[in-house]
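Here are some notes for a colleague who wants to go through the model with care.

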Amino acid sequence: MIQVYEQLKTSQGNVTIKFSTPFTNKPTIIVSPYFKDSQSQVGSIPTVTAVSKTECVITSANAASNYYVSVLAIDQESAVRAGSINKTASGELQIGLSPALSSSDPMILVTSFWNGATGGVGSIDTVDDAVASEFSVVSANAASNYFTNYIASDLGMKTIGVNNCQNGIVNKIGQGKMRVYFNLPFSAVPKVFVSPWYNDQNSGVANIETVTKITRDYFEFTSSNAGLHYFVNWLAVEEA
């Protein structure tokens with residue numbers, strides 16, 4: 001099962017997302033900041049701090065009348081690999097995908113999960129290398145209660161469960177805003193999730209990829225991250 005949300009956040013600190021239908025198992029949570037109609041990236045990393053079968057808690061200092069937290073909650077879907085891996089050492093973490101995907105360069109989203117923490121993390125989990133059977137994440141985040149949440153899928157995926165979706169990977173060679181067009185227009189405006197991939201650089205990025213506009217035809221995001229080896233993974237999901 002998959003559920004997607006867009007929660008307005010007008011004050012600093014925690015926001016709680018209550019799931020419309022309880023999950024059978026604790027879901028994996030993926031989060032992206034959505035600073036609607038803004039030209040700016042956010043400055044605080046949205047961090048999951050609690051997850052149950054009925055709700056999740058996300059914290060950050062980001063807050064505004066046009067600031068939203070986009071949330072994807074997923075437990076078991078055959079089209080994707082999703083999970084939460086303990087990261088106890090600073091630097092690189094290898095994560096296996098079983099069974100392996102088909103794409104040699106799969107779409108991968110990651111989110112920080114600092115279980116039981118009262119604040120957000122200070123380092124951005126960044127995909128470093130990815131193949132069909134595994135990928136690696138780099139950041140300074142590490143603790144006995146720190147986890148990297150992930151979702152991985154083949155490119156060209158059209159549905160997750162009963163939800164229509166599209167995904168992709170884009171090379172971001174210039175700082176600032178970038179627009180990505182969907183292969184086909186959605187029937188309704190989807191929720192969009194983005195994640196950094198600094199290919200084979202063994203280094204995390206310094207800026208938070210921030211979605212700033214979503215339509216049925218395209219979305220826009222912004223950050224100061226850029227480079228020939230820098231990519232952004234994205235997933236757009238329409239509510240069922």
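1. For 240 residues a compact globule would come near 18 Å, and because the protein has 16 Å, the two agree. It should be kept in mind that this is a predicted model.

2. The C-alpha trace spans about 40 × 35 × 35 Å along its principal axes, and the secondary structure consists of 19 strands with zero helices. Among contacts with a separation of 6 or more, 78% join residues 24 or more positions apart.

3. Of the 240 residues, 54% are buried, while the protein exposes about 10000 Å², of which carbon and sulfur atoms supply 46%.

4. How many cavities of 30 Å³ or more does a search of the whole structure find? The search finds one, and about 200 Å³ of space lies in the largest cavity. Its lining comprises 15 residues, with Val 31, Ile 45, Val 110, Ile 124 and Ile 208 the closest to the centre. By class, the lining has nine nonpolar, four polar and two charged residues, and β3 (28–35), β9 (107–114) and β16 (191–198) each supply at least two of the lining residues.

5. Val 57, in strand β5 (residues 55–60), counts as buried because its relative accessibility is 13%, under the 20% cut-off. Leaving aside residues up to four places away in sequence, Val 57 touches Asn 14, Val 15, Thr 16, Thr 47, Val 48, Thr 49 and Ala 50.

How values were computed. Residues are numbered from 1 along each chain as its sequence is written. This is a predicted model: local features need pLDDT of at least 70, side-chain atom pairs count only at pLDDT 80 or more; totals for chains, interfaces and linings use all residues. Side-chain values use heavy atoms; hydrogens and water are left out. Helices (H or I, at least four residues) and strands (E, at least two) are DSSP runs, numbered from the N terminus. Buried means under 20% relative accessible area, exposed over 50%, partly exposed in between (1.4 Å probe, protein chains only). Contact means heavy atoms within 4.5 Å. On a 1 Å grid over the protein atoms alone, a cavity is a set of points where a 1.4 Å probe fits but cannot get out, and a pocket is an open set with protein on both sides within 12 Å along at least five of seven lines; lining residues have an atom within 4 Å of a point. Grid points are joined across faces, edges and corners, and a volume is the space filled by probe spheres set on the points. Ala, Val, Leu, Ile, Met, Phe, Trp, Tyr, Cys and Pro count as nonpolar, Asp, Glu, Lys and Arg as charged, and the others, Gly among them, as polar. The radius of gyration is taken over C-alpha atoms; the globule rule is 2.2 Å times the number of residues to the power 0.38. Accessible areas come from the Shrake-Rupley method with a 1.4 Å probe; for residues, only the protein chains shown count as cover.
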